[in-house]
Amino acid sequence: MARPFATARFLPICVLALAMLAFPAAAQEVGAEARGFLRPLGPIAELQRTELIWASVLISIAILPVLIGVPVILWRYRRRNTRARYAPDWSFDTRLEIVMWVVPALIVIALSVWLTQAVIRIDPYREIDAAMADEMGFEIEGPPVRVDVVGLDWKWLFLYPEEGIASVGEMIVPVGHPVRMRITSDTVMQSFMASGLAGQIYAMAGMETRLNLIADEPGVTLAQNTQYNGPHFPSQRAPVRAVPVAEFDAWADDARRAGVTLDAESYAALAVAGTVDDARERLGLDGAGPIQLRLDDAFLFDRVVGRYRTGEPVPRDAQPGSPAYTPDATFLPEMANLLPGALCGPGDGRPVERVAGLSLSARLAALDLSLPDEETRP
Amino acid sequence: MSAKAQNAHPGMNLGYGEGARKAEVDVFGFWVFLMTDLVTFGLVFAIFGTMVGATAGGPGPEEVTDLRSIAIQTALLLGSSFAFSWASLSMKYDRGRGRTLIFLSFAATSALGFLVMEFIDLRHLVEIGATPQRSGYLSALWALVGLHGLHVAVGLLGVGSLTGQILLYGLTDKIKSRVTRLGLYWHFLDIVWVGIFSMVYLAGVA
Amino acid sequence: MNEDAWTPIPGSGFDWNPLTGRLHWGDLKLLEVFEDPSINSFVASAASWIAVLAALAIVILLTVKRRWGWLWSEWLVSVDHKKIGIMYILTGFVMMARGVAEGVVMRTHQATAYQGGFLSNEHWAELFSTHGTVMIFFVAMPFITGFMNYLIPLQIGARDMAFPVLNQISLGLTATGGALVMISLVVGAFETGGWTAYPPFTGADFDPGPGPDYWVWAIVLSGIGSMLSGLNFAVTIYKLRAPGMTFMRMPVFCWTALCTSILLVFALPPLTVAGLMQALDRLAGFHFFTNDLGGNMMNYANLFWMFGHPEVYILILPAYGIYSELTATFAAKKLYGYTSLVLATMSIAVVSFCVWLHHFYTMGQSPTINAAFGIATGIIAIPTGVKVYVWMATLWRGRIRFTVPMIYMAGFFMLFVIGGFSGIILANPAINWQVHNTQFIVAHFHNVLLPGLIFGIFAGVHIWFPKAFGFRLHERAGAITAFLWIAGFSLTFLPLYVVGLLGYPRRSAAFEDPAFIPYMIVTLCGAFVLLSAFIGLIVTLWLSVRHRDELAVPLGDPWDGRTLEWATPSPPPHYNFAVIPEITGRDAFATEKAEGRPYVTPTEYRDIHMPRDSVAGVFVFLCTTAIGFGLTWWIWWLAILGALVLLGWMFIYPFFDRTDEVIPAETVRLANEAWIAAISLREGVDRDDETTPRNRGFAATDMEQAT
């Protein structure tokens, strides 16, 4: 028999839990500076939030009847209620069957159409251009910025090949400029997520994945690694600051004047497993917080990917993240030593599998890279 | 149920009694097992497919394929299957256990020849540096060929065990059902080999 | 490291000797706390001490009570599907104790994670990895396998499985996996890459230690066992149904069991392949999933989830079967929409193979592929939705009795739809990119597995425990426990949806956002409620055993059941049915009762042939444990010895002709007539008295009275 005392006890707990579910945004306001996709910084995350809301509404059509109907049925048809009708042999009804199958099917069809549109619209590989801006109703205020990301153990390394700078533990993007990212890992698999701007994508050694995003207002979100990669996994979160373009340029100038240049040697030191502060120490820098570096090698990212694509084994002591790793053993291959087809990523027919052109210009053309062009910069 | 429906495995000529009923369950179970094995092989094939390009600068299909040897291996394995089917037929028509055993030994010898050839081939691969440690492609190749070879070896042990059983007990209902099942396994390995032959070796050098 | 010593894997840094491989005294975790006293090592050492002491306690208890012979001859060598089923479920409960304890420790850590928590990061990682592995492979799998074992032959009117010895071997292999995971608690360490064990993190380059090897061998060996179980169940259902039991007359549980078996047969090979390739990478230096030389970890992700997604349905389908049986029984009503349920079950089984990619939308495929898998995932929600509606329609116009199973069912309804809700949200790649790998996922899969699977299992335990042991479970304790599970689940996991949406990654030992603190505290409270719910299970069992005389239902039908298993005494005889029944319709036993002709004495009894006891299961368990342990610690002689003995046995075994055990017709007649006589001496019990001592398992069919 039902035990009302237990139900009564259980109810407030349930209400509390549901209430907490209902106000995530309110909870987030408390002391949190970084914004997630529930308070998006850009149109892509905003679309994701919209999808979440509308999908929730649509699915509710299917589940509300259960949430309301079950308690009603349980109460009305309890054994003691002899007034309720009892139909022990009733086991089929054509109309009910049709409703049971068709309503969820219709919802799924609607959701499918929707998700297909959304997936195509905000495909992480889709470069943000005027057509996309038109489609989604936002504005592009300047030329794209290229950011290459290398996932190292417990820190993100951001390379800005066009600006000739690199940054560890902090990513700055100019508001209104599309950001074109190539992502790889120089250790185990990681997953890059800057929630306030776009969804996540995996970073895998020897491969590149891509992510495109744009901020339409200044603010901060976090670039988190969400794929467990060892003891200091929770520390692998870098602030991503969307700032006005002037501020971005000033930051880039600052970084270019940084004392340390990112080359094969300093990269090897940087790659040692550790947090950003550990990396600072290793590079012989004072202070704390994000590290800014000069970057002279526009192909550093390609060489990091190519490390695993030379046809030579990469021994343990040359694999950052391995307990046996020693910075001295690390090497970054010359572009000329990479195997054909060395730079590739997941998925067939995606515009990523390009032959490693050996001349600079061919390589740039193949990778859609352009050298920093003074005229296109504001 | 009609008598016809019950004699589900005419290949064994067990009649319609308890023996046939048991064999029906056992053979069906074995088919299901072969299905799981087929899925396993299918997946290893699929992995091989994704890794054909992953030679990492090491030996590729041309280097690892010795078509002459592969042709002989194929002939040996198909011959072994052929001999096995003769063994099954002699069993079905009660031509005496001697005949069944002779054909079984043909099948086993032929399969042993296959394994020896395969072993020589693989040793050659080691000599030219095409070890599974060299590249993803070679890992997949060794895993696929090795898995098949291992199956053949286990099958050979099975033939040995069955030979002993036939010698000891004769062709009883139970043993007939075992011969039938081993036969299925044997032909199944042939089909897998056809896959390996065409996907790994022929496609590799085509 | 001794530079001169030969080690199988150069540069791995392990001191190796031929006798004990890379195993040394220092690997014993029992001693850790004495070497480095801290809360963390205390927790780790305490866990291994508990494991060792519990094992010791069992050994001592068995010795003092002189029960070794009983354990051996009644249980370990038995090929009776019912005993094997019970052993599976018992294994599940024992492993669940560990899983729940780990869950509580993790939640405690996470509630204090803003301050950094009290566990070391490695220990934390080991905890979430073992928790997941144990809960999926050694709690959920044994539970469902146990239920299928116990129920399939009884429900289809068979005497045993198609391959009883194979069934025992499957149990042996599952036990091997469980044993390896338990050994890892005491010797060495488990892997730290989560239950999915994605390489390259778990590859030899990044984790050369024994942890990932423990995982690989526990999973591969128990996985082979599960595959063989699936094969056995499928053949049993296809070939051993009682005369007249057509497919469309099978109880729905058998349908779900059939679909699960088919899934087991097709879905376990990918896991085995992935595990063995991982082992080749680790032990032999292959390059399947390594970073360099053409290895590709994406293949692992695909293989793993080709297993992993069907696995979700492997687990949940039998629970759906239990819910189907229980709604009809406890609403005293025919199951609504049998055909729809069967269709839905089959569609789920088929479509479950077409959705695996939704576990990694984030790997950079083209939008077309992502969308296709998103749509497939949406499609699988349709039959799932239909099932929920079918159960609602079954309750509608019923006469619902709020026994313990119905409480679980109510909890399932209300909570499972939330899990379904989040599931469809996750199916959308655009949203998935945001919540993948966050606590949202943790909330989602606990939401479908706890209220979905575990509630079903516990409801099933309440329903079929009296069948298996001849007495009901304590009703009041059971009800309190059920409410504790419902409340505990809601408190623990619903808040995780919120922190997930706020971007808290899963498997995170620490967080920096103070906004998460209140949620994590609620979650911690919930974890303790769950712990008390687990203790509630033990209390329920204890109370039931104490009051077993007043709870006794020897006549076999305490719930006015509808399917064949209730037409046997409790516990059923070894041979299940005195005479194999002729089936004329669905709900065979309910039909008999409605027509007023249950418990008919058969006119003729025959000798019954039953398979004899076998040591195969124990033997395979010992050999495979030796192989697994040997390969984990590079003790080659042990692994080779285990493999050779096993292989030799496999080929010598057929030489020994197994004869059946014959139970004479007279014995069967006496037992059966005694039972029927006992029934005829009693009045059937009304459903109002279902939970009173008057219920002795002879149900009065009171559908008319209630109307």
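How many disulfides does the structure hold over all chains? The structure holds 0, counting a disulfide as a pair of cysteine sulfur atoms within 2.5 Å. This is a predicted model: local features need pLDDT of at least 70, side-chain atom pairs count only at pLDDT 80 or more, and totals for chains, interfaces and linings use all residues. Residues are numbered from 1 along each chain as written, chains are lettered from A and ligands numbered from 1 in written order, and side-chain values use heavy atoms, without hydrogens and water.

**Cysteines in chain C**
- C623(C) is buried, at 7% relative accessible area.
- C525(C) is partly exposed, at 42%.
- Buried means under 20% relative accessible area, exposed over 50%, and partly exposed in between (1.4 Å probe, protein chains only).

**Helix pair in chain C**
- Helices α11 (residues 367–395) and α12 (residues 404–427) of chain C pack at about 160°, with axes 10 Å apart.
- Angles over 145 degrees count as roughly antiparallel, so α11(C) and α12(C) are roughly antiparallel to each other.
- Contact means heavy atoms within 4.5 Å; residues that meet include G374(C), W391(C) and L395(C) in α11(C), and M406(C), F412(C) and A427(C) in α12(C).
- By class, this contact of α11(C) with α12(C) has 13 nonpolar, 4 polar and no charged residues.

**S81(B) and its partners**
- S81(B) sits in helix α4 (residues 67–92) of chain B.
- S81(B) is buried, at 6% relative accessibility.
- Beyond neighbours within four places in sequence, S81(B) contacts W186(B), H187(B) and D190(B).
- S81(B) and W186(B) are 105 residues apart along the chain, yet their C-alpha atoms are separated by 6.4 Å.

Key: Axes are lines fitted to C-alpha atoms, for helices over the stretch in contact, and angles run from 0 to 180 degrees between N-to-C directions. Helices (H or I, at least four residues) and strands (E, at least two) are DSSP runs, numbered from the N terminus. Angles under 35 degrees count as roughly parallel, over 145 as roughly antiparallel, 65 to 115 as roughly perpendicular and the rest as oblique. Ala, Val, Leu, Ile, Met, Phe, Trp, Tyr, Cys and Pro count as nonpolar, Asp, Glu, Lys and Arg as charged, and the others, Gly among them, as polar.
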